[in-house]
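Subject: Structure for your review

Dear colleague,

Please find below the structure that I am handing over to you. My notes on what was found in it follow directly after.

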Amino acid sequence: MGPWTSLLLVSAWALLLCPGALGCGPGRGYGSRRRHNRKLTPLSYKQFIPNVAEKTLGASGKSESKINRNASRFKDLIPNYNPDIIFKDEEKSGADRLMTQRCKDKLNALAISVMNQWPGVRLRVTEGWDEDGHHSVQSLHYEGRAVDITTSDRDRSKYGMLARLAVEAGFDWVYYESKAHIHCSVKSDHSMAAKTGGCFPGNASVLLEDGRRKKVSELQPGDRVQTVDQEGQIIFSTFMTFLDHEPEAVKIFHVLETQDPPRRLLLTAAHLVFVADNFTSDLGRFRPTFASEVRVGQYVYTADDTAQRPARVTGISLQADVGAYAPLTQHGTLVVNGMLASCFAAIEGHGLAQLAFAPLRLCYRLASIFGQSSPAVYQEGMHWYSQLLHRLGRLLLSPKDFHPWGVAQG
């Protein structure tokens, strides 16, 4: 192991073990990540979150096919025997206990929240997997991707807050459907979108300091790439290396579109982009958000040759494309296809990621100063330093800090 590698390993351990590093990133604005207790607001009757139809990309996604006990996919349904959850099980068949892994994970997380919110009260499931045809034709209950829930005391005054707790637990769609229950559903475990990491396609473009446009796949160490600083000013940041480099990979990308100004950015599900819920020119109000969690009506931050401004997201879709590239710049951000994005993915905190990659940035910077820049030949796949940090993060951080689909950066 060479001296540079040793320095990186020691520095990475120090940064990840430092309590301050886990709390927030450097500076203020979009680089910061402050943990604080938020006041939770109950959902109103008939309200659903996100505010789109259940079977759309922005929520739980399309139904796939009904699962019965003879279907090959029946093996994908997992029984939930969590003693902190009451299952009504009217049919006495155990069907309500059967669900997908993602649904089980979210339900178990919600059970803990319910007990914390109301000591002595447990989560109650009134409907889970449906094998008897009690729901509409394309109901996600038939796939083990939906549950109807109440509290064990059946106190209806709690149901609005129960719905909010379900949102916080990570269900992909929550609906205060009835005075008698809350409906929750999740994305398919087999969703193609759920199996992608964090990159841009190779034909995505960036603006260089000399005014030229360049494909992400063609970036060379030392290229000065357009980005925006924490004050919202256009600057140019040095490209150092790729955190992931897969020229032949075919991946599913989330497509974020705006109309004023017109922008179209492709990035994979776990990649971070800066988003605000309401129109604002204050970049400090834009938070790093996984591409899979961006919603129509939210705002992204755009930039061109001379100006920068927020733009409302008007469309979200999925698209397959060739090549997967995750560029690392000195500032940890870059403007791709005219839209500001993070260099990082998989982990929720952009500021934490920027801190954790400081040793790698330092290494490349020193190598450049001493004339030892690495040749522009990249190993295929994820950078070894990204792999190291991902392993350390899994040991030291909470699962809630990672992308909800549990994917690695890539």
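Helices (H or I, at least four residues) and strands (E, at least two) are taken here as DSSP runs and numbered from the N terminus. The model is a predicted one: local features need pLDDT of at least 70, side-chain atom pairs count only at pLDDT 80 or more, and totals for chains, interfaces and linings use all residues. Residues are numbered from 1 along each chain as its sequence is written, and side-chain values use heavy atoms, with hydrogens and water left out.

Overall composition

The chain has 7 helices and 20 strands. Of its 410 residues, 54% are buried, where buried means under 20% relative accessible area, exposed means over 50%, and partly exposed lies in between (1.4 Å probe, protein chains only). Among contacts (heavy atoms within 4.5 Å) with a separation of 6 or more, 66% are between residues 24 or more positions apart.

Helix α4 (159-169) has 10 of its 11 residues buried, so the rest of the structure largely encloses it. The buried residues include Y159, M161, L162, L165 and A169. Their cover includes β1, α3 (101-117), β5 (123-127), β6, β7 and β8. Directly after α4 comes G170, with a positive phi near 105 degrees. D172 belongs to the loop between α4 and β7 (173-178). With a relative accessibility of 8%, D172 counts as buried. Beyond its neighbours within four places in sequence, D172 is in contact with I49, P50, A59, S60, R102, S185, V186 and K187.

The six-stranded sheet

An open sheet of 6 strands, with mixed pairing, runs in the order β1-β7-β8-β6-β5-β3; two strands pair if DSSP finds at least two bridges between them. β1 (48-49) and β3 (85-87) stand at the edges with a single partner strand each, so one side of each has no neighbour in the sheet. Strands β6 (residues 146-151) and β8 (residues 181-185) run antiparallel and are joined by 4 bridges. D148 has H183 in β8 as its bridge partner.

C184 also lies in strand β8, and at 0% relative accessibility C184 counts as buried. Leaving aside neighbours within four places in sequence, the contacts of C184 are R145, A146, V147, I149, A166, F171, W173 and V174. C184 and L107 are separated by 77 residues in sequence, while their C-alpha atoms are 9.2 Å apart in space. Two further cysteines are buried: C199 at 0% relative accessibility and C363 at 14%. With a disulfide taken as a pair of cysteine sulfur atoms within 2.5 Å, the count is 0.

Nonpolar cores

In soluble globular proteins, nonpolar side chains tend to be buried together. A nonpolar core is here a set of buried Ala, Val, Leu, Ile, Met, Phe, Trp, Tyr and Cys residues joined through side-chain atoms within 4.5 Å. The largest one has 39 residues, and F200, V206, V273 and V336 have the most contacts inside it. Elements giving two or more residues to this core include β12 (234-259), β17 (308-329), α5 (350-356) and α7 (384-396). The largest share, 6 residues, comes from β17. Another core lies apart from this one and has 29 residues, among them L123, V147, A166 and V167.

Aromatic rings

Rings of Phe, Tyr and Trp (its six-membered ring) pair if their centres lie within 6.5 Å; planes under 30 degrees apart count as stacked, over 60 as edge-to-face and the rest as tilted. The structure holds 10 such pairs. In one of them, F279 and Y299 have ring centres 5.7 Å apart and planes at 80 degrees, so the pair is edge-to-face. F279 lies in the loop between β14 and β15 (287-290) and Y299 in strand β16 (residues 299-303), so that the pair links distant parts of the chain, 20 residues apart. F279 is exposed, with a relative accessible area of 56%, whereas Y299 is buried at 15%. Ring pairs also join F48, W173 and Y175 into a cluster.

A charge sits over a ring if NZ of Lys or CZ of Arg is within 6 Å of the ring centre and within 35 degrees of the ring normal. K66 lies over the face of Y142, 4.5 Å from the ring centre. The charged end of K179 is placed over the ring of Y45, at 4.3 Å from its centre.

Yours sincerely
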